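Hi everyone, thanks for making the time today. I'd like to walk you through one model, so please have a look at it on the screen while I talk.

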Amino acid sequence: MESIIFYTFAAILLFAATMVITVRNPVRAALFLVLAFFTSAGIWLMLEAEFLAISLVLVYVGAVLVLFLFVVMMLDIDLAPLKEGFTRYLPLGIIVAALIVVEMIAVLNAPQFNISAAAATDASNTKMLGRLLYTVYVYPFEIASVILTVAIVAAITLTLREHHRKLQDPSKQVTVKSTDRVRMVDLRQKQEGERREP
């Protein structure tokens with residue numbers, strides 16, 4: 001049974017990964033990417049790497065994929081054809097969601113994934129992984145965080161356009177006076193002047 005589940009998940013993962021890089025529609029690619037992430041998480045759960053599986057779902061599906069869609073919306077892509085016929089994507093979304101539900105049920109019902117037995121043992125996968133990350137692999141972990149920060153800054157820089165930039169001169173901002181920014185207007189005199197005009 002375990003081999004059947006593994007090969008089924010592997011086939012779904014290969015299909016989803018192939019569709020991610022072959023479809024031309026970014027929304028469909030995002031849906032297949034969700035399916036690929038959930039299938040990978042299911043395989044990791046079968047390998048008893050529950051921390052990596054949950055991290056994949058929370059970090060990649062919950063953050064990276066949202067960032068991907070956010071960048072798609074910011075890059076001035078003509079989304080009018082995508083918005084037209086929104087119901088066309090509904091069957092694909094339902095199929096992807098159904099596959100994810102079936103995968104999760106198959107993994108959680110597998111005999112080796114026994115929550116009560118895992119809770120009874122003293123060994124914690126998350127604890128051992130955290131100990132390794134912050135002791136043995138602390139420098140690669142920090143380097144990876146710096147690289148991700150640089151990637152975020154690069155993504156923001158790529159979305160900037162010339163007409164959206166507002167350049168500022170700090171020396172002019174410091175030397176500015178209130179009289180240069182605020183102009184007092186007496187509304188009563190202005191109204192009286194307008195009334196006197198023919």
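Let me start with a question: leaving aside its neighbours within four places in sequence, which residues is V34 in contact with? They are L65 and I100, where contact means heavy atoms within 4.5 Å.

Before going on, a word on how to read this. This is a predicted model, with residues numbered from 1 along each chain as its sequence is written. Local features need pLDDT of at least 70, side-chain atom pairs count only at pLDDT 80 or more, totals for chains, interfaces and linings use all residues, and side-chain values use heavy atoms, with hydrogens and water left out.

Now the overall picture. The chain holds eleven helices and zero strands; these elements are DSSP runs numbered from the N terminus, helices being H or I with at least four residues and strands E with at least two. Of its 198 residues, 19% count as buried. Buried means under 20% relative accessible area, exposed means over 50%, and partly exposed is in between, using a 1.4 Å probe and protein chains only. Among contacts with a separation of 6 or more, 68% come from residues 24 or more positions apart.

Back to V34, which is one of the residues with the most contacts inside the largest nonpolar core. A nonpolar core is a set of buried Ala, Val, Leu, Ile, Met, Phe, Trp, Tyr and Cys residues joined through side-chain atoms within 4.5 Å. Two or more residues each come from helix 1, helix 2, helix 3 (50–74) and helix 5 (90–108). Helix 2 gives the most, with nine residues.

Next, the pair I like to look at, helix 1 and helix 2. Two packed helices are described by the angle between their axes and the distance between the axes. Here, the axes of helix 1 (residues 2–22) and helix 2 (residues 26–46) come within 8 Å and cross at roughly 155 degrees. Axes are lines fitted to C-alpha atoms, for helices over the stretch in contact, and angles run from 0 to 180 degrees between N-to-C directions. So helix 1 is roughly antiparallel to helix 2; under 35 degrees counts as roughly parallel, over 145 as roughly antiparallel, 65 to 115 as roughly perpendicular and the rest as oblique.

On helix 1, the residues making this contact include F9, L13 and V20. On the helix 2 side, they include F32, T39 and S40. The contact residues divide into 17 nonpolar, three polar and one charged.

Let's zoom in on some of these residues. V20, in helix 1, touches A29, F32 and L33, not counting residues up to four places away in sequence.

F9 and L99 are 90 residues apart in sequence, yet 10.0 Å apart in space, C-alpha to C-alpha.

Over in helix 2 we have T39. Is T39 buried or exposed? T39 counts as buried, at 0% relative accessibility. Leaving aside neighbours within four places, T39 is in contact with F9, I12, L13 and E103.

S40 lies in helix 2 as well and is buried, with a relative accessible area of 17%. Residues up to four places away aside, S40 touches L13 and L56.

That's my tour, and I'm happy to take questions.

Technical notes:
Nonpolar A, V, L, I, M, F, W, Y, C, P; charged D, E, K, R; others polar.
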